[in-house]
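Subject: Handing over the model

Hi,

Here is the structure I said I would pass on. Have a look at it first, and then read my notes below.

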Amino acid sequence: MDSNKKFYNLTNPQKSIWMIEQFYPNSNINCMGGSIKVFESINFELLIKAYNLLIEKNDGLRIRVVEKGGNPIQYIADYVPEKVEVIDISRQDFDEMMNHYIPKPFGIIDSKLYSFELYRFEDGEGAYIAYLHHLICDAWTTSLFVNELMTLYHALKNNLDTDSIIYPSYTKFIESESKYISSERF
């Protein structure tokens with residue numbers, strides 16, 4: 001384990017998810033996400049740039065879990081730009097694919113806990129599949145992921161400043177939970 005990384009204990013919600021993961025290893029029971037169709041002509045280069053900005057600015061998406069002494073701990077991985085392939089597909093084939101889509105489970109240990117697939121339809125519109133592990137998100141944060149991605153995309157498309165967008169910090173949540181658990185109030 002890299003001694004230069006700052007490690008954090010799992011939060012209480014993450015501990016519950018970790019336990020479920022231990023009962024159902026190599027399954028997608030703790031995975032969530034879905035497909036989003038974009039009903040406008042897409043600048044795929046800008047959408048990929050928005051996706052990378054979201055990963056760079058959101059430390060919760062870069063969580064990696066490792067085991068130390070048999071216990072799970074986590075750290076925030078450094079941002080590394082991701083290449084995203086744009087898959088050309090017909091709208092009908094995409095709809096059919098989604099009827100049978102069963103995502104693969106994530107490797108949990110020291111692995112990326114999200115994936116992103118981008119599809120282009122014949123008319124220039126498209127869709128993407130965002131798939132995230134429950135250790136780094138819940139239903140609410142999955143919807144935030146979609147909203148933040150599209151906010152960044154439209155800001156880039158309209159040459160607006162993206163630096164003013166506020167990003168949540170999972171490390172701050174970890175620290176506040178730890179402080180609360182150590183408090184008299186708890």
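Asparagine 159 sits in the loop between H4 and H5; helices here are DSSP runs of H or I with at least four residues, strands are runs of E with at least two, and both are numbered from the N terminus. Its phi is near 55°, which is a positive value in a residue other than glycine. Asparagine 159 counts as exposed because its relative accessibility is 73%. For these labels, buried means under 20% relative accessible area, exposed means over 50%, and partly exposed is in between, using a 1.4 Å probe and protein chains only.

Before you go further: this is a predicted model, where local features need pLDDT of at least 70 and side-chain atom pairs count only at pLDDT 80 or more, while totals for chains, interfaces and linings use all residues. Residues are numbered from 1 along each chain as its sequence is written, and side-chain values use heavy atoms, with hydrogens and water left out.

Threonine 162 is also a residue of the loop between H4 and H5, but at 13% relative accessibility threonine 162 counts as buried. Leaving aside neighbours within four places in sequence, threonine 162 is in contact (heavy atoms within 4.5 Å) with Leu53, Leu152, Ala155, Leu156 and Tyr167.

Now the overall picture. The protein has five helices and seven strands, and from the N terminus on the order is β-α-β-α-β-β-β-α-β-β-α-α. Its C-alpha atoms fill a box of roughly 60 × 40 × 35 Å along the principal axes. Of the 186 residues, 43% count as buried. Among contacts with a separation of 6 or more, 74% are between residues 24 or more positions apart.

Next, the loop between H1 and S2. Asparagine 26 is in this loop and has a positive phi, near 55°, in a residue other than glycine. With 70% relative accessibility, asparagine 26 counts as exposed. Asparagine 28 lies in the loop too, between helix H1 (12-23) and strand S2 (31-38), but at 28% relative accessibility asparagine 28 counts as partly exposed. Not counting residues up to four places away in sequence, asparagine 28 touches Ile102, Pro103, Pro105 and Tyr131. Its side chain reaches the backbone oxygen of proline 103 at 3.0 Å. The C-alpha atoms of asparagine 28 and histidine 134 are separated by 9.8 Å, although the two residues are 106 apart along the chain.

What about strand S7 (residues 126-133): how many of its residues are buried? Eight of its eight residues are, and both faces are covered. Gly126, Tyr128, Ala130 and Leu132 are on one side, with Ala127, Ile129, Tyr131 and His133 on the other. S7 runs antiparallel to S2, and eight bridges join them (two strands pair if DSSP finds at least two bridges between them). One of the partners in S7 is histidine 133, bridged to cysteine 31. Strand S6 (residues 114-120) also pairs with S7 in the antiparallel sense, over seven bridges, and leucine 118 has tyrosine 128 as its bridge partner in S7. S6 and S7 form a hairpin with five residues between them, and glycine 124 in the turn has a positive phi of about 90°.

Finally, the pockets. They were found on a 1 Å grid over the protein atoms alone: a pocket is an open set of points where a 1.4 Å probe fits, with protein on both sides within 12 Å along at least five of seven lines, and lining residues have an atom within 4 Å of a point. About 440 Å³ of space lies in the largest pocket; a volume is the space filled by probe spheres set on the points, which are joined across faces, edges and corners. It is lined by 23 residues, and the closest to its centre are Ile136, Cys137, Asp138, Thr141 and Tyr170. H1, helix H4 (139-157) and helix H5 (170-181) each supply at least two lining residues, with the largest share, six residues, coming from H4.

The second largest pocket has a volume of about 150 Å³. Its lining is Asn9, Leu10, Thr11, Asn12, Lys15, Ile174, Glu177, Ser178 and Ile181. H1 and H5 are the elements that give two or more residues to this lining, and H5 has the largest share, with four.

Cheers

Methods. Polar contact = N/O pair within 3.5 Å; in protein donor to acceptor, adjacent residues only side chain to side chain.
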